[in-house]
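I opened this model to look up a few things and wrote down what I found.

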Amino acid sequence: MMMHIDLSSVLRQTLSCELYSNLVTRPTGAAVRTQIEALLADARERSLTVIDFSHVGMIDFSCADEVVAKLLLRYVAAERADREAYFLFRGVTDDHWDAIETVLERHGLALVLETADGARIVGMVDDGERAAWEKVYELGRAGAADLATALGAPECDAEALLDGLHRRRLVMLTDDGYIAVGGLGVRHE
Amino acid sequence: MTSVITVPPSLDDHTFEQVVEQLASFPPDAKLLVDARHTRWASPFGLTALLTLGQTRETRASFAAPDNEDTSSYWARTGFFKHAEELYDLHGSVPKARGGESSVLLEITPVVKSEDVHEVVGRIQQKAQQILSKELNIDAKATVGFAMTLSEVCQNIVEHAGRGGWVAVQTYTWRKRLGRRVVVIAVCDAGCGFRQSLESAPGRVRSDRWDDAEALEEAVVRGVSRFRDPGRGQGLAGVRRYVGRWDGKVSVRSGTARIAIVPSWDDDVPLLEKLAPFPGSQVQVTIPERVSGGPR
């Protein structure tokens, strides 16, 4: 199941005001996240949600902590093991990045950003995780053996990397292997 | 009997201490006249702090407006008298505010609830971009950080003060210390202050030294918050980063102490203790004009 959430629309509904386009203040962030979680409540066991910042003017640290960090923490955490929720962040510009980067660092989180030429992983990831994610993204769909070959690494290492990325909800596990978040629908040469 | 508190001729975050020292000798219910007749200039900190002073009085104080017409006219354009008349019995010539003031990015605005922060940030953005890039030679990209800084310092009132405060943003040439133009954010409240806010954290163990100065160090330098949530305390840390990036200064006064992150162009004291007590928190953020060869 794929869902698209326009944050500026959620913001306007939350504040009952058409005038504001900035994600500022912690109460606003908490209210927006609650709204997102309510939308996600109807999702099946596995869902991919595009969180769209395109029409958001700016976001401050407190709001980023509520909207981005706490949202990710909730679905990365074991408490939500019954449901696999994945997020792809769209429309994130330099105007949003400072606050988002800060909260990702603070909580040791990572996420996938949609970019003009595809997607990339950002936040707290080590070199191995980054290389593995990029390889899976490039391959389109990969199992541990495919990744091991692509990276020139032992299969057990590739398996551990994929498992770690999956637990962090940065790659999706399907019956046929792993797909990078943001890799769905991307044409691979 | 009415006692007189004399406002200094030039009122800023430093000279406001003279006002607080005079206040210290009177109980909160003493009848006061705050005498600004001879005041010629006030920074946004000075003006918002004067409103905060009015808020702290149990007996409504009187306020004598500046004699100088230019000064009182300017104060009117900043919105000072509009708010002061709700807190003080005003005396002297109080002009009506006419027209906008180009150096005032944000006239004195009350901050009570979360929506007020949205309003403040929304109003500042466009004007800030123009001022930061054209007058202060700061990259237009800095506007977002400026708005974030403003948002976070205003949120301190909403989240921690327990009562409303005021914010003002202004540009002016700071001849005395810097000789350059600056943009200044002042946010003042008469709420519970940093020490009391941190003391309300559940299970908090106080050190032997625990006082306003240590509370300020914890919150401003170490990013400690009264909430256990690990995501808390990022606001002031973000403000410090932004200020550091643009060679700016941030100072916070609360209770009997004042802490400052001091840039090389200033000779302020990083930590002042045992000041005369004043309720709440008073924050000032100063971003200077960028000169060639200065920080990015």
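**Chain B overall.** I am working with a predicted model. I counted elements first: chain B has nine helices and 13 strands. I then looked up its extent, and the C-alpha trace spans about 50 × 50 × 35 Å along its principal axes. Buried residues make up 49% of the 296 residues in chain B. Of the contacts in chain B with a separation of 6 or more, 70% join residues 24 or more positions apart.

**Helix α7 of chain A.** I went to residues 155-167 of chain A next. Helix α7 has 13 residues there and reaches 18 Å from first C-alpha to last, close to the 18 Å expected. Which residues of α7(A) are buried? I found A:Ala158, A:Leu161, A:Leu162 and A:Leu165. They lie on the same side of α7(A), because they cover an arc of only 95 degrees around the axis. I checked what covers the buried residues of α7(A): α5, α6, β6 and β7 of chain A are among the elements. Just after α7(A), I noted that A:Arg169 takes a positive phi of about 60 degrees.

**Contact between A and B.** I listed 24 residues from chain A and 20 residues from chain B in the contact. On the chain A side, α2, α3 and α4 each supply at least two residues. Helix α4(A) gives the most, with eight residues. By class, I logged that side of chain A as 10 nonpolar, six polar and eight charged residues.

Notes:
Residues are numbered from 1 along each chain as its sequence is written. Chains are lettered from A and ligands numbered from 1 in the order in which they are written. This is a predicted model: local features need pLDDT of at least 70, side-chain atom pairs count only at pLDDT 80 or more; totals for chains, interfaces and linings use all residues. Two residues are in contact if their C-beta atoms, placed from the backbone, lie within 7 Å. Helices (H or I, at least four residues) and strands (E, at least two) are DSSP runs, numbered from the N terminus. Ala, Val, Leu, Ile, Met, Phe, Trp, Tyr, Cys and Pro count as nonpolar, Asp, Glu, Lys and Arg as charged, and the others, Gly among them, as polar. The expected span of a helix is 1.5 Å times one less than its number of residues. A residue is buried if 20 or more other C-beta atoms lie within 10 Å of its own, exposed if 12 or fewer, and partly exposed in between; C-beta atoms are placed from the backbone. The arc is that of the directions from the helix axis to the C-beta atoms.
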